[in-house]
Amino acid sequence: MKKTFALTILLVTSACATAEVTRHPLPNNSTFPIARAVEVTADTVLIYHSGTVPGPADPDAERSSREYYGDTETQAMSVFKRMESSFEELGVGFGDVIKMTVFLVGDPELGGRMDFRGFMNAYTKYFGTEEQPNKPARSAVQIAGLAGAGMLVEVEVVLARP
Amino acid sequence: MKKTFALTILLVTSACATAEVTRHPLPNNSTFPIARAVEVTADTVLIYHSGTVPGPADPDAERSSREYYGDTETQAMSVFKRMESSFEELGVGFGDVIKMTVFLVGDPELGGRMDFRGFMNAYTKYFGTEEQPNKPARSAVQIAGLAGAGMLVEVEVVLARP
Amino acid sequence: MKKTFALTILLVTSACATAEVTRHPLPNNSTFPIARAVEVTADTVLIYHSGTVPGPADPDAERSSREYYGDTETQAMSVFKRMESSFEELGVGFGDVIKMTVFLVGDPELGGRMDFRGFMNAYTKYFGTEEQPNKPARSAVQIAGLAGAGMLVEVEVVLARP
C-alpha cells in the first residue's frame, strides 16, 4: 500500500507539478536585453496583466501639455513604478514577467518617431540587471495613439506565478 | 486498496484539476470596467481567438463610404455580435474572456483621433453588467489602419473554457 | 496493488497528460488561411516567442534605403526564414504556432497603406499548405512604425510544444 501511495505521489508530481520557466536566449550571443522566447510548462499559473499607462509627471501642469506626462523615458519609468506596486499586491515581481508588449506613440519632439532609446533607458533598470536578470519575450511597436492625449507609453505583460 | 485509490483521486484532483480564474480588480476602487489582471490556474483550457473585425452596417452602401461600416460604436457592436455567435459555437461566453486587445483606427470625423468613448459604449453592454459582471485584463491602442478601408475596430481575445 | 497502480496511471493520464491543440475553423467555410480560434488543453507547454523583424535584403545598400530591407513581401519572407531557424533551435515548427500577431507598417510606395497582399504572399508559403496545413489564430494590424527605419514587418507568435 505504502509503495503504491509513494508511486502515486511520484506520478502526480512528475506529470503535473513541474511548473518551470525556460528563457531561451537571443541568437548570436546578442546582448539585447530580451529573451528570444520564453517557455512555460503545463503546470504554470499565468497572470494576464492589463496594459499599464503612466501617471502624470506633473499633475499641476496643463492636462494637454508636455509637462503633464513628460517624455517617453519619464513615462516608461512611471509605468514600471506603477507595475511594481501592482506586482507587489499580486505577489509577483519583474522576474516573473514572461511576455511583454510595448506600445509607444511617436514623440512630436522627435519628428513623430517613437523614442525607443528613451524607453530602453527605463526598461533596462528593471530587466536584465544584476539583481533581476530575467528577460521576457517582447514585441515593441510604434502605434498611432493612446486614450490620453500626451500619453506615449503603454506596456502589457504576462507573468508566470512562481 | 480503496483507501489508496481515494487518496489517488484526491491527489490528482488537488494537483491538477483546479482550473480557476481569478480577476484582480483595478486599484483605488476604480470603476473602469476592466480587470487589473486575470490569473488562471494550471488546469485551464485556453482559447486564443483571432481578431474580430466588423461586418458591414449597410452592405448596399459604397464599399469605401462611411455608411458601409459605420462609426466606431456601430462597428464595435458588430464585432461583439460576431463574437457572440462565434462564442456560442465554441461553447463559451463573454464571461469567459480573460484577456482582450482592442485595436482602434483614428476616426477621420474626429480629426483622426480614435473614438474611445464610442468603443466603450459598445463594450459596456457586454462586460461588467449585472448579467455578465466578469471583466477581462485589457489593452487598448490606436493603430494606423486595418485590412479593410473604413474599418475602425478589431478586437482580439483569449478565453478560459469554463 | 497492480490494479491500483494501473488506475493511478490512468487517472494521472486522463486528468493531466492530455495536451491537445484544437483548431476551430473560420465560419461560412471561409478559405482564408487562419483559424477562427485555437484551443489548448491544460497540459500544453507554451512558448511565447519575441517579435521577429526582418534581416537586411541587401546589407550593402544604404541603411535608410528601400533596398536595405526591401518591400513587405521580401521582409515577411525574411521574418519567416528567421523564425524557421529559431524554431529549429527550439525544436518546434510552423505547425506548432497557435497564435500570431502581425504588425505591418504602411508602405510609402503604396500611399502609406500596409501591403497586406504582400504579407499574405509570404504567409501562405508557411501556413495552410499541403505539407503544413495548421493555421494559427491571428490578428493583423497596421502600426505607425518599428524600431528600424525602413522596417515594415514584425511578427509575434505563441507556440504549443508538441
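Biologist: A salt bridge is a side-chain nitrogen of Lys or Arg within 4 Å of a carboxyl oxygen of Asp or Glu. Which residues of chain A are linked in a network of salt bridges?

Modeller: A:Arg66, A:Asp107 and A:Glu109. Some ground rules first. This is a predicted model, where local features need pLDDT of at least 70 and side-chain atom pairs count only at pLDDT 80 or more, while totals for chains, interfaces and linings use all residues. Residues are numbered from 1 along each chain as its sequence is written, chains are lettered from A and ligands numbered from 1 in the order written, and side-chain values use heavy atoms, with hydrogens and water left out.

Biologist: Is A:Asp107 buried or exposed?

Modeller: Buried, at a relative accessible area of 2%. A:Arg66 counts as partly exposed, at 25%. The cut-offs: buried is under 20% relative accessible area, exposed is over 50%, and partly exposed is in between (1.4 Å probe, protein chains only).

Biologist: Over to chain C. What do the side chains of C:Arg66 and C:Asp107 form?

Modeller: A salt bridge, 2.8 Å from N to O. C:Arg66 lies in helix H2 and C:Asp107 in the loop between strand E4 and helix H4, so the pair ties together parts that are 41 residues apart in sequence. C:Asp107 counts as buried at 2%. C:Arg66 counts as partly exposed at 26%.

Biologist: Where in chain C is C:Glu109?

Modeller: Its side chain meets that of C:Arg66 in a salt bridge, 3.5 Å from N to O. C:Glu109 is in the loop between E4 and H4, 43 residues from C:Arg66 in helix H2. C:Glu109 is exposed, with a relative accessible area of 57%.

Biologist: How many salt bridges over all chains?

Modeller: The count comes to 15.

Biologist: New topic, rings. How many aromatic pairs over all chains?

Modeller: A search of the whole structure finds 33. One of them, A:Tyr123 with A:Phe127, is stacked, with 4.8 Å centre to centre and 20 degrees between the planes. The rule: rings of Phe, Tyr and Trp (its six-membered ring) pair if their centres lie within 6.5 Å; planes under 30 degrees apart are stacked, over 60 edge-to-face, the rest tilted.

Biologist: Are A:Tyr123 and A:Phe127 buried or exposed?

Modeller: A:Tyr123 is buried, and A:Phe127 is too. Ring pairs also put them in a cluster with A:Phe80, A:Phe87, A:Phe94, A:Phe119 and A:Tyr126.

Biologist: What sits over the ring of A:Tyr123?

Modeller: The charged end of A:Arg138, 4.6 Å from the ring centre. In chain B, B:Arg138 lies over the face of B:Tyr123, at 4.6 Å from the ring centre. That needs NZ of Lys or CZ of Arg within 6 Å of the centre and within 35 degrees of the ring normal.

Biologist: Last one. How many helices and strands has chain A?

Modeller: 4 helices and 6 strands. Along the sequence the pattern is α-β-β-β-α-α-β-α-β-β. Of the 162 residues in chain A, 54% are buried. Among contacts in chain A (heavy atoms within 4.5 Å) with a separation of 6 or more, 72% come from residues 24 or more positions apart.

Key: Helix = DSSP H or I, 4+ residues; strand = E, 2+ residues; numbered from the N terminus.
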